[in-house]
Amino acid sequence: MKEIDIPIEASVDRNRTNPLARVFDELVRFCRSRSMFMLHYCTGCGAIELPPAMTSRFDMERLGIQPMVTPRQADILLITGYVSIKTLKRVILTYEQMGSPKYVIGICSCTVNGGMYWQSYATAKQLDQYLPVDLYIAGCMPRPEAVLEGMRKLMDRIRSGEADGWKDYYRRYDWYLGNQQHLFGDDWQTPADVIGEASHYDLAGPGTEGEHTRLLQQCQKPLEPQQTFFQIGGSLEVKGESHE
Amino acid sequence: MRPENYQAISHPPSNEYELNFGPNHPGIEGNYALKVKLHGDVVVAARADGGYLHRGFEKLMEGRLWIQNIALVPRICVPDPVPMEVCYSMAVEALNDMEVPERAQWLRVLQLELSRIAAHLFTFGGHAATTGMYTTMYWGVADRDQILDLFEEWTGGRVYHIYNIPGGVRRDIPAGFLDRVSHTMDYIESRLPDYDNLFFTNQVFVDRARDTGPMNQQQALEWGVTGPNLRATGLAFDVRRDDPYLVYDQIDFDIPTEAPGDAWARTLVRRQELKQSIHIVRQVVEKLPSVSGPVRTRIPNPLAWNVPPGETYTRVESSKGELGYYVVSDGGDKPHRVHVRGPSSMHAVQVLEQLAVGARLEDVAQIMFSLDACPPEVDR
Ligand code: SF4
């Protein structure tokens with residue numbers, strides 16, 4: 001896992017020079033910040049403070065934030081606590097299915113630095129090594145007020161165009177992929193074609209491809225349909241290990 | 001998506017197919033998954049797929065001091081953390097042959113019962129949401145927050161309190177706190193008729209929950225079911241009464257049971273337990289002013305606390321069932337081995353796999369909520 005220095009040219013596309021385009025961009029960002037669908041993946045204990053935050057007492061809906069059940073229609077991926085390695089695979093899979101622009105919020109200290117599971121063998125310690133995190137809400141666990149405050153911050157950052165972690169994922173895909181391979185093994189692959197998407201969004205840069213993506217290409221095999229988990233007939237025999 | 005990943009899956013010519021249910025599914029309780037095999041929309045086989053929340057608690061506890069583990073244990077079961085603290089503290093006290101002052105015991109009972117009320121309100125909400133009644137969920141979560149406010153005033157933490165330590169509790173209650181407890185109990189009791197009208201006697205709920213996921217008493221005993229799920233099969237077993245700990249032997253309460261053992265009975269048992277817990281809290285509130293004395297005994301320097309060698313098993317009744325801690329000490333300043341007997345590991349794995357068979361797909365979430373399984377405690 002080595003750091004690569006890539007000039008982040010985020011400020012370049014933040015303000016286009018054509019005044020009309022700038023007005024348009026401003027409007028788009030305003031709309032985006034006011035209607036956010038949130039996919040909360042209950043990865044850890046922080047999830048228990050979300051029902052109070054979403055329901056009548058603190059009521060997130062007044063900020064235009066609503067829970068959404070499928071990743072493809074969601075804008076925010078909320079990681080609510082420690083991510084075990086098994087969960088992290090699903091989180092990455094979920095993240096890559098979401099449509100851009102997408103934002104990741106890490107709730108709880110455990111996503112920042114491992115929190116109280118710093119010496120656990122089963123959890124991933126720093127979420128931002130594997131996914132671009134736009135905002136952290138620290139605390140063990142953060143109160144609903146803190147969650148709401150974090151959401152307000154994210155709205156401000158979306159309006160000002162600073163919340164562009166998803167672009168960073170395309171620009172430095174090689175680094176993220178390297179960290180993922182380090183954790184999951186060299187044959188780690190997801191169904192998403194991130195490099196293709198990067199060139200589609202015109203975000204492919206020097207860090208998009210590298211040694212890790214080459215490794216991915218080498219180990220790439222077409223995803224096979226999952227082996228049957230049960231034998232036909234309803235018995236509980238396991239035919240093949242279809243996961244992990 | 002790469003185009004080559006869009007592949008038609010060759011499928012045997014039958015109505016049977018497999019579905020992943022969870023881990024990120026609105027109907028599932030927390031981060032937990034099931035693989036179900038369906039015929040039409042009837043489940044013919046189910047396999048629990050846990051481990052998404054595994055943190056290796058039992059290993060982590062071996063590497064921390066006795067007192068540090070107090071901060072770790074409540075994380076094992078998030079909706080109902082207090083029994084974890086109490087049970088672990090009781091185990092350490094048993095190893096040390098330590099007496100807990102009486103006032104601390106009453107305070108612990110108060111905490112346990114408040115936590116049970118909060119956990120049950122949360123479960124009703126979840127169960128109602130799986131049958132499409134979201135109002136109950138909004139109400140349940142809002143009423144649970146009243147109890148969390150009490151906890152916050154009392155201990156400083158909304159969800160995790162880290163209030164019980166081996167030897168007693170950390171501090172006494174604030175002034176005027178008992179009045180606020182009785183006030184909140186009055187409020188929650190006055191809400192119960194509303195819950196009955198909205199949810200428990202609601203025809204939608206009764207029709208859907210009746211005969212869903214039934215088990216009989218013998219099955220329940222074979223599968224290691226405890227707590228409200230066992231009492232819903234007609235057996236009045238409650239650790240609080242049958243193996244009294246703390247001061248439960250001085251408290252008067254009933255053990256509600258129901259006979260049918262289906263999702264409806266399980267939820268109804270919890271509904272009646274809520275009432276009993278309110279009754280217990282009232283008794284504690286009445287008794288507490290007359291019990292004076294310290295709230296904890298002196299413990300040795302916690303940073304160099306060598307607990308005498310030995311092993312012990314303590315158990316309490318949590319809102320999910322029987323919760324036990326098996327703790328072994330080798331005389332060092334850290335536990336040699338800790339095993340947590342969580343009730344949910346039985347409920348969410350072997351019981352759920354059995355009960356889901358024969359149910360319709362839309363009832364699987366309901367069965368899981370009616371078993372009140374707690375995924376972080378399954379995986380630990
Ligand atoms: S920071 Fe605390 S509350 Fe949040 S996931 Fe970690 S242990 Fe749980």
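Author: Gladly, and please keep in mind that this is a predicted model. We might begin with B:G227, which sits in the loop between α8 (217-222) and α9 (228-231) of chain B.

Reader: Is B:G227 buried or exposed?
Author: B:G227 counts as buried, because its relative accessibility is 1% and the cut-off for that class is under 20%.

Reader: And which residues does B:G227 touch, leaving out its sequence neighbours up to four places away?
Author: With those set aside, B:G227 touches B:E317, B:K320, B:G321 and B:E322. There is also B:S318, whose C-alpha lies 7.6 Å from that of B:G227, although the two are 91 residues apart in sequence.

Reader: Let's go to the strands. Where is B:T312 found?
Author: B:T312 is found in strand β6 of chain B, which covers residues 310-317. B:T312 is buried, its relative accessible area being 14%. Beyond residues up to four places away in sequence, B:T312 touches B:A91, B:A94 and B:L95, as well as B:Y325, B:Y326 and B:V327.

Reader: How far apart in space are B:T312 and B:P193?
Author: Their C-alpha atoms are 43 Å apart, with 119 residues separating B:T312 from B:P193 in sequence.

Reader: What about B:A48, which strand is that in?
Author: B:A48 belongs to strand β3 (residues 42-49) of chain B, and at 18% relative accessibility B:A48 counts as buried too. Among the residues B:A48 touches, not counting those up to four places away in sequence, are B:Y32, B:A33 and B:L34, and also B:A348, B:V349 and B:E353. From B:A48 to B:Y32 the C-alpha distance is 8.1 Å, across 16 residues of sequence.

Reader: Now helix packing in chain B. At what angle do α4 and α11 pack?
Author: Helix α4 (residues 102-130) and helix α11 (residues 263-287) of chain B pack at an angle of about 150°, and their axes are 9 Å apart. Angles over 145 degrees count as roughly antiparallel, so α4(B) and α11(B) are roughly antiparallel to each other. Their crossing is left-handed.

Reader: What classes of residue make up that contact of α4(B) with α11(B)?
Author: The contact has 13 nonpolar, four polar and six charged residues. On the α4(B) side the residues include B:W106, B:L110, B:I117 and B:F124, and on the α11(B) side they include B:L274, B:I278, B:V281 and B:V284.

Reader: Switching to chain A, how many helices and strands are there?
Author: Chain A has ten helices and seven strands. Of its 244 residues, 52% count as buried, and its accessible surface comes to about 11400 Å², with 52% of that area belonging to carbon and sulfur atoms. If you take the contacts between residues at least 6 apart in sequence, 77% of them join residues at least 24 apart.

Reader: How do α2 and α6 of chain A cross?
Author: The axes of α2 (residues 19-34) and α6 (residues 144-160) of chain A come within 8 Å and cross at roughly 165°, so α2(A) and α6(A) are roughly antiparallel to each other. In passing α6(A), α2(A) makes a right-handed crossing.

Reader: Which residues meet there?
Author: From α2(A), A:R29, A:F30, A:R32, A:S33 and A:R34 meet A:M155, A:I158, A:R159 and A:S160 of α6(A). By class, this contact of α2(A) with α6(A) divides into three nonpolar, two polar and four charged residues.

Note on methods:
Residues are numbered from 1 along each chain as its sequence is written. Chains are lettered from A and ligands numbered from 1 in the order in which they are written. This is a predicted model: local features need pLDDT of at least 70, side-chain atom pairs count only at pLDDT 80 or more; totals for chains, interfaces and linings use all residues. Side-chain values use heavy atoms; hydrogens and water are left out. Helices (H or I, at least four residues) and strands (E, at least two) are DSSP runs, numbered from the N terminus. Buried means under 20% relative accessible area, exposed over 50%, partly exposed in between (1.4 Å probe, protein chains only). Contact means heavy atoms within 4.5 Å. Accessible areas come from the Shrake-Rupley method with a 1.4 Å probe; for residues, only the protein chains shown count as cover. Axes are lines fitted to C-alpha atoms, for helices over the stretch in contact, and angles run from 0 to 180 degrees between N-to-C directions. Angles under 35 degrees count as roughly parallel, over 145 as roughly antiparallel, 65 to 115 as roughly perpendicular and the rest as oblique. A crossing is left-handed if the near helix is turned anticlockwise from the far one by less than a right angle, and right-handed if clockwise. Ala, Val, Leu, Ile, Met, Phe, Trp, Tyr, Cys and Pro count as nonpolar, Asp, Glu, Lys and Arg as charged, and the others, Gly among them, as polar.
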